[in-house]
Amino acid sequence: MTTDISALLDSQRQTLTKLHEVISDEKQALSQQQAESLLALAQQKQSLLQQLQQFDTQLSSHPEKARLTTDLASAVADIKDALAHCQLANEANARLIEMNLASINRLASALQASRNASSLTYDGKGKTSTIPTLGNNLKV
């Protein structure tokens, strides 16, 4: 038995609403650097994305898919708009992740430098690194 195409669209819209909520929660967790929450939210986001993919597959093979461009076109447009909002929010989170990583890298470099300033050197990628035995084996 085939699911009604309108019901599939409603399920897809509801899933996108949940996805946007998860992405918003992810932004808050990123801002507050809550690592455990981020892991759980990433799993929820992946599950919702898989559901969206399943709905999309069902819609593309539905016997009434021609209705998506006629009487259901406004519902499809609303869903595409909701998806675009999710994508924009997700891109903003990606930028926040990049800023957090850069901040963590700067902190790690500062900690390395303060740990043992006399053994500070740079690796092949230009990042700071310490060699704990630098100068300890000299006999001169």
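**A guided tour of the predicted model**

The protein has three helices and two strands. Along the sequence these elements follow the order α-α-α-β-β. The model is a predicted one.

**Stop 1: the whole chain**

The accessible surface comes to about 9,900 Å², and carbon and sulfur atoms account for 55% of it. Of the 140 residues in the protein, 22% are buried. Now consider contacts between residues at least 6 apart in sequence: 63% of them join residues at least 24 apart.

**Stop 2**

Select Gln33, which is found in the loop between helix H1 (5-31) and H2. Is Gln33 buried or exposed? Its relative accessibility is 57%, and exposed means over 50%, so Gln33 counts as exposed. Examine the backbone here as well: Gln33 has a positive phi of about 50 degrees, although this residue is not a glycine.

**Stop 3: helix H2**

Next, select residues 35-60, which form helix H2. H2 has 26 residues, and the distance from its first C-alpha to its last is 37 Å, close to the 38 Å expected at 1.5 Å a residue. Within H2, colour Leu41, Lys45, Leu48, Leu52, Phe55 and Leu59, which are buried. Against which helices do the buried residues of H2 pack? They pack against H1 and helix H3 (73-115).

**Stop 4: Lys45**

Remain in helix H2 and select Lys45. Why does Lys45 count as buried? Its relative accessibility is 15%, and buried means under 20%, so Lys45 falls in the buried class. To view its surroundings, show Leu19, Val22, Ile23, Glu26 and Asn90; Lys45 touches these residues, leaving aside any up to four places away in sequence.

**Stop 5: the largest nonpolar core**

Now turn to the largest nonpolar core, which has 19 residues. Select Leu9, Leu16, Leu19, Leu59 and Leu68, the residues with the most contacts inside this core. H1, H2 and H3 each supply at least two residues of the core. Which helix gives the most to it? That helix is H1, with eight residues.

**Stop 6: Leu16**

Finish at Leu16, one of the residues with the most contacts inside the core. Show the side chains of Leu52, Ile79, Ala82, Leu83 and Cys86: Leu16 touches each of these, not counting residues up to four places away in sequence.

Technical notes. Residues numbered from 1 in each chain as written. Predicted model: local features only at pLDDT ≥ 70, side-chain atom pairs only at ≥ 80, totals over all residues. Heavy atoms only, no water. Helix = DSSP H or I, 4+ residues; strand = E, 2+ residues; numbered from the N terminus. Buried < 20%, exposed > 50% of the residue type's maximum accessible area, 1.4 Å probe, protein only. Contact = heavy atoms within 4.5 Å. Areas by Shrake-Rupley, 256 points an atom, 1.4 Å probe, with all protein chains shown as cover. Expected span 1.5 Å × (residues − 1). Core = buried A, V, L, I, M, F, W, Y, C linked by side-chain atoms within 4.5 Å.
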